[in-house]
Amino acid sequence: MGYRWIKMMKKQPYLPSTKRKVIKWGSIALLILFLFIAIAFIYIYQVAMDDKEETFSTSKQKTIQNTPIESVDEVVRYNGEKSYDVVFGQSEDDSKGIAFVPILKDEAKDENQEKITYVKESDGVTEEEVTSSWRSNCPSCELISVTPGIDNGHIIWEIVYRNEDERYVFESYLFKSGELYEQFKFRK
């Protein structure tokens with residue numbers, strides 16, 4: 001009798017109510033996992049943005065103290081060989097300027113204080129001019145960002161875009177003339 005009973009138990013299919021319970025608990029587990037991943041992503045993103053923008057207020061103060069800029073319009077980050085907070089602002093005579101405040105690592109702050117680099121926007125090509133020139137060479141490309149920066153002592157406009165082949169491209173144009181300085185293309 002015991003053998004037949006075990007054999008019957010092996011053949012007995014899941015009851016419909018058991019299947020529903022498995023689906024219910026599986027769905028709940030997936031929902032909890034999804035919520036956990038979403039919360040972790042938001043937290044990591046927030047910490048990264050806070051870290052990035054942590055230096056913005058100090059860079060604004062340094063710019064106002066050490067350059068002709070008296071009112072700050074915007075601050076962005078340029079990451080190249082060296083990182084800079086790029087401060088856009090206006091001077092007393094309403095001329096627009098850009099200040100490049102170096103972001104120094106803790107150990108470099110004491111040893112080698114780099115100077116803030118300042119340029120008047122009128123001393124070079126504007127963002128609109130360099131973007132327009134780029135757009136005429138690549139009309140079907142998707143523009144990602146345009147940021148001024150400093151590379152090997154050259155003040156540049158860095159344009160990041162996605163080309164027709166869906167490849168990311170980084171192009172740098174000289175601030176003074178608008179000529180192409182460097183180009184990097186990433187493979188798919």
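Strands E7 and E8 pair in the antiparallel sense over 5 bridges. Within this pairing, Glu171 stands opposite Gln183 in E8. The hairpin of E7 and E8 has 5 residues between the strands. The model described here is predicted.

An open sheet of 4 strands has the order E5-E6-E7-E8, and its pairing is antiparallel. E5 and strand E8 (180–185) are the edge strands, since each pairs on one side only. From one strand to the next, the twist averages 20°. At the other end of the strand order, E5 and E6 pair in the antiparallel sense over 9 bridges. There, Gly149 stands opposite Ile156 in E6. Helix H5 packs on the sheet and touches E5, E6 and E7. The direction of H5 makes about 125° with that of E5. In a regular strand, side chains alternate between the two faces of the sheet.

The chain as a whole can now be placed around this sheet. Its secondary structure comes to 5 helices and 8 strands. From the N terminus on, the elements run α-α-α-β-β-β-α-β-α-β-β-β-β. The chain has 188 residues, and buried residues make up 28% of them. Among contacts with a separation of 6 or more, 32% join residues 24 or more positions apart.

The largest nonpolar core holds 22 residues. Within this core, Ile98, Phe100, Val130, Trp134, Trp157, Ile159 and Tyr161 touch the most other members. Several elements contribute to the core: E2, E3, helix H5 (127–137), strand E5 (142–151), E6 and E7 each supply at least two residues. The largest share, 5 residues, comes from E6. Val130 illustrates how the parts meet. Leaving aside neighbours within four places in sequence, Val130 is in contact with Val125, Val146, Trp157, Ile159 and Tyr173.

Thr58 is partly exposed, with a relative accessible area of 36%. Thr58 and Asp85 are 27 residues apart along the chain. Their C-alpha atoms are separated by 9.7 Å.

The structure holds 1 disulfide. It joins Cys138 to Cys141, with an S to S distance of 1.5 Å. A disulfide is a covalent bond between the sulfur atoms of two cysteines. Both ends of this link were checked for accessibility. Cys138 is buried, because its relative accessible area is 8% and buried means under 20%. Cys141 counts as buried too, at 5% relative accessibility.

Backbone angles pick out two further positions. Most residues other than glycine have a negative phi. Asp94 has a positive phi of about 65° although it is not a glycine. Asp94 is found in the loop between strand E2 (83–91) and strand E3 (96–102). With a relative accessible area of 57%, Asp94 is exposed. Glu166 likewise is not a glycine, and it has a positive phi of about 65°. The place of Glu166 is in the loop between strand E6 (154–162) and strand E7 (168–174).

Key: Residues are numbered from 1 along each chain as its sequence is written. This is a predicted model: local features need pLDDT of at least 70, side-chain atom pairs count only at pLDDT 80 or more; totals for chains, interfaces and linings use all residues. Side-chain values use heavy atoms; hydrogens and water are left out. Buried means under 20% relative accessible area, exposed over 50%, partly exposed in between (1.4 Å probe, protein chains only). A nonpolar core is a set of buried Ala, Val, Leu, Ile, Met, Phe, Trp, Tyr and Cys residues joined through side-chain atoms within 4.5 Å. Contact means heavy atoms within 4.5 Å. Two strands pair if DSSP finds at least two bridges between them. Axes are lines fitted to C-alpha atoms, for helices over the stretch in contact, and angles run from 0 to 180 degrees between N-to-C directions. A disulfide is a pair of cysteine sulfur atoms within 2.5 Å.
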